[in-house]
Amino acid sequence: MISEIKTENLEATIHKLVSFGTRHTLSETKSKTKGMGAAQQWVKNEFDKASLESGGRLTTTIDYFTAKADGKRIPADSYIGNVMATLKGTDPTDDRVLIISGHLDSRVTDVMNVKSNAPGANDDGSGVAALIELAKVMSKRSFPATIIFVAVTGEEQGLIGARYLAEKAKASNWNIIAMLNNDMIGNSLSSGTNLRDNTQVRVFSETIPYLETEEDAKMRKAISRDNDSPSRLLARYIKTTTEQYVDQLTVKLVYRNDRFLRGGDHTPFSQNGFTAVRLCEMNENFDHQHQDLRTENNVVYGDLPEFMDFEYLRKNTCANLATLANLASSPKTPVNVGIEVKKLSNSSTLIWSAPEKAPYGYQILMRETVSSHWEKTFFTKETQIEIPYSKDNYFFAVQTVDALGHTSLPVFPIPIR
């Protein structure tokens, strides 16, 4: 599947998205060639093409809703929508859902300017291009779990489309195990410093879950789990999987929910209790982000395709594919994962239970307390293991694995007395 992700396809999609002039959330909806309405229909048509090769498993829709006036970025009640393609899982007993998103809307300097051209090539045409390409490639295959590809609307107006979808998912009890938000993954040159880097991508993840209870907080502090929230475990999974499958790309784990005092479409999912992260390019170029199209002092401003790195976009798209495909193919996670604390010992004993469908085996992950990423693994077919390493000096997690090597998300152990 990695080899089927093509740079030229991603570039063609970006140019098509730019051709709609502006994709401002509140822009034209009646035209067939300009504005948000035309862009939404085109994205849905691309999903429809992918559906033809899915054996009926990929279904598409534009999920419309009314965004209420807020006196800020939504001046009046507005009818907007998210473009969605759902690749139904093949296992009727598996209710797991994975979501990948990019935001379709664009903007210029004034976030309320609905008329001026706002190309949005990288922000966030890059994320939308990635999920369209992924839908086309992955819809030809089967996965036990369900994958939803969604081009959300209203990110620039306050994460409106993502919040609507996250609240809908929570109200409907969707079992979302991972949400990957791709926002600006196609630029490799930074403004100001002129640093160029197309070999690294950032993954942002929250430290403390938004919906942490008082009991959860007590346990987190007791076992020093501050760097092992569900989102952090997902971020490490992305790093492991990406660096296994994608050449010349390293995942940088950034220990904050998003950039400094900024946000993205994963945040409403985190706020509703789901495990969510943001993928973002290593270097942002602010000459080509949220800018009116213009030339000043021989500097061209604006989010145009000519300032993107499409090979970098391809690699970041492949990082998403590797993560989604492995997670959607994996067994369900182990349950009741614990670590024995009955006595003092320089070894560590982990115990857990199998999910309802027993997997091929289990993988125990280990790292020193000073390390940010897993350093060593152990394999077993049992539901208990004693490891000759002290829990004082190491962190552990347990994941299931199938016969082909697809691994579930890791589960951090709690004390067993």
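Here is a short briefing on rings, a helix and some backbone details.

This is a predicted model, where local features need pLDDT of at least 70, side-chain atom pairs count only at pLDDT 80 or more, and totals for chains, interfaces and linings use all residues. Residues are numbered from 1 along each chain as its sequence is written, and side-chain values use heavy atoms, with hydrogens and water left out.

**Aromatic rings**

- Searching the whole structure turns up nine aromatic pairs; rings of Phe, Tyr and Trp (its six-membered ring) pair if their centres lie within 6.5 Å.
- One of them is Phe 269 with Phe 274, at 6.2 Å centre to centre and 55° between the planes, which makes the pair tilted (planes under 30 degrees apart count as stacked, over 60 as edge-to-face and the rest as tilted).
- Phe 269 and Phe 274 are both buried, meaning under 20% relative accessible area, while exposed is over 50% and partly exposed is in between, using a 1.4 Å probe and protein chains only.
- Phe 378, Tyr 389 and Tyr 394 come together as one aromatic cluster.

**Charges over rings**

- Arg 294 puts its charged end over the ring of Tyr 301, 4.2 Å from the ring centre; the rule here is NZ of Lys or CZ of Arg within 6 Å of the ring centre and within 35 degrees of the ring normal.
- Arg 367 has its charged end over the ring of Trp 374, 4.8 Å from the centre.

**Helix H2**

- Helix H2 covers residues 35-51, 17 residues in total; helices (H or I, at least four residues) and strands (E, at least two) are DSSP runs, numbered from the N terminus.
- From first C-alpha to last, H2 reaches 25 Å, close to the 24 Å expected at 1.5 Å a residue (the expected span is 1.5 Å times one less than the number of residues).
- H2 is mostly covered, with 13 of its 17 residues buried.

**Backbone details in loops**

- Most residues other than glycine have a negative phi, and most peptide bonds are trans.
- Asp 123 and Asp 124 are joined by a cis peptide bond, with omega about 0°, and Asp 124 is in the loop between strand E3 (96-103) and helix H3 (125-138).
- Asn 194 isn't a glycine, yet its phi is positive, about 60°. Asn 194 is in the loop between strands E5 (175-182) and E6 (200-204), and it is exposed, with a relative accessible area of 58%.
- Gln 248, also not a glycine, has a positive phi of about 55°. Its loop runs between helix H6 (230-245) and strand E7 (250-254), and Gln 248 counts as exposed because its relative accessibility is 61%.
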